[in-house]
Amino acid sequence: MDGPDDKPEGAKDKKPRSFWRELPILVGIALLLALLIKTFLVQAFSIPSDSMQNTLQRGDRVLVDKLTPWFGAEPERGEVVVFHDPGGWLGDETQQSDSGPLARGVQRVLSFIGLMPSAEEKDLIKRVIAVGGDTVECQKGGPVKVNGKALNEKGYIFPGGTPCDDKPFGPIKVPEGRIWVMGDHRQDSLDSRYHQNLNNGTVSVDQVVGRAIVIAWPVDRWSTLPVPGTFDQPGLGAAASMAPSALGFAGAVPIVLWRRRRLVRKARGTVD
């Protein structure tokens with residue numbers, strides 16, 4: 001009887017693969033996973049300007065949630081979102097890097113797999129102030145109003161700045177499927193207010209890459225990017241909340257008329 005250490009005659013010992021032979025496979029798997037994460041889950045973006053101060057500083061790296069939009073979720077009021085340039089928005093918002101060809105080549109490779117922001121993508125980052133169906137406005141010296149409700153923006157706009165004194169606007173009705181966005185540093189942000197010649201300054205939700213959820217770099221600035229409490233105030237979404245009631249009322253009218261007609265006929269001795 002063979003013992004536990006006995007081997008069939010002619011069997012050969014299998015030598016483990018060397019580390020250097022397995023390294024390309026491991027690297028390939030890692031790159032594939034990184035590419036999948038970038039495409040479907042999370043991607044890094046660099047802040048190119050001062051338009052979102054003090055929430056975001058120039059040079060910050062933020063991680064953007066790209067998964068949620070895949071399930072049909074649309075941007076909500078108060079979220080900080082990254083979106084593709086709708087057309088002519090960028091202007092002076094970005095600055096080209098003066099790095100050499102080697103550094104640019106490394107950045108292209110790392111940005112392709114999502115480990116670094118791309119220097120070539122034409123994207124912007126702003127805060128969503130109003131969504132489809134909302135009416136947004138701001139008069140000089142006053143606050144930004146959404147559906148008639150004033151926003152308390154002291155917690156996130158740049159210290160010493162004003163809500164819109166440099167560029168008052170509205171009232172503007174935001175079409176369905178679009179959003180109105182503004183930078184937190186209002187006096188240094190070419191946002192929806194400055195592009196009203198194109199779709200009234202609104203941005204299609206299809207152009208939104210995702211929501212910025214965390215500042216990942218530098219380490220001493222690590223923090224999440226929550227929705228400010230002012231966007232949770234009662235009545236802010238009044239325009240949207242009225243829609244189901246209006247539809248319910250419209251649907252109830254024919255039923256009431258039919259029931260009334262039936263009662264009248266019954267009283268006369270004739271029923272349908």
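Good morning, colleagues. I shall begin with the overall picture. The protein has 272 residues, and 33% of them count as buried. Its secondary structure consists of three helices and twelve strands. The accessible surface comes to about 16800 Å², and carbon and sulfur atoms make up 59% of that area. Among contacts with a separation of 6 or more, 73% are between residues 24 or more positions apart.

Next, a word on confidence. The mean pLDDT of the protein is 76, and 60% of the residues reach 70 or more. Two segments call for particular caution. Over residues 92-98 the pLDDT stays under 50, and the model has nine contacts for this segment beyond four places in sequence. Residues 238-258 also stay under 50, and for them the model has three such contacts beyond four places in sequence. Where pLDDT is low, the predicted coordinates should not be read in detail.

I turn now to one of the sheets. Four strands form an open sheet in the order β7-β6-β5-β8, and their pairing is antiparallel. Strands β7, residues 149-150, and β8 stand at the edges; each has a single partner strand, so one side of each is left without a neighbour in the sheet. The partner of β8 is β5, residues 135-138, and three bridges join these two antiparallel strands. Within that pairing, C138 has F169 of β8 as its bridge partner.

Which residues have the most contacts inside the largest nonpolar core? They are I129, V136, V144, L151, F169 and W180, in a core of 17 residues. Strands β4 (residues 123-131), β5, β8 and β9 each supply at least two residues of this core.

Leaving aside neighbours within four places in sequence, V136 is in contact with I129, A130, V144, K145, V146, F169, G170, P171, I172, V174 and W180.

Let me finish with the backbone. Most residues other than glycine have a negative phi, and most peptide bonds are trans. Several places in this model depart from that pattern.

Where are the cis bonds that I wish to show? One joins G170 to P171, with omega near 5 degrees. P171 lies in strand β8, residues 169-173, and P171 is one of the residues in contact with V136. A cis peptide bond also joins W217 and P218, with omega about 0 degrees. P218 is placed in the loop between β11 (208-217) and β12 (223-224).

Positive phi values occur at N199 and N200. For N199, phi is near 55 degrees; for N200, phi is near 60 degrees. N199 sits in the loop between β9 (178-182) and β10 (203-204), and N200 is found in the loop between β9 and β10 as well. Are these residues buried, partly exposed or exposed? N199 has a relative accessibility of 45% and so counts as partly exposed. N200 is likewise partly exposed, with a relative accessible area of 41%.

Thank you for your attention.

Key. Residues numbered from 1 in each chain as written. Predicted model: local features only at pLDDT ≥ 70, side-chain atom pairs only at ≥ 80, totals over all residues. Heavy atoms only, no water. Buried < 20%, exposed > 50% of the residue type's maximum accessible area, 1.4 Å probe, protein only. pLDDT = per-residue confidence, 0-100. Contact = heavy atoms within 4.5 Å. Areas by Shrake-Rupley, 256 points an atom, 1.4 Å probe, with all protein chains shown as cover. Pairing = 2+ DSSP bridges. Core = buried A, V, L, I, M, F, W, Y, C linked by side-chain atoms within 4.5 Å.
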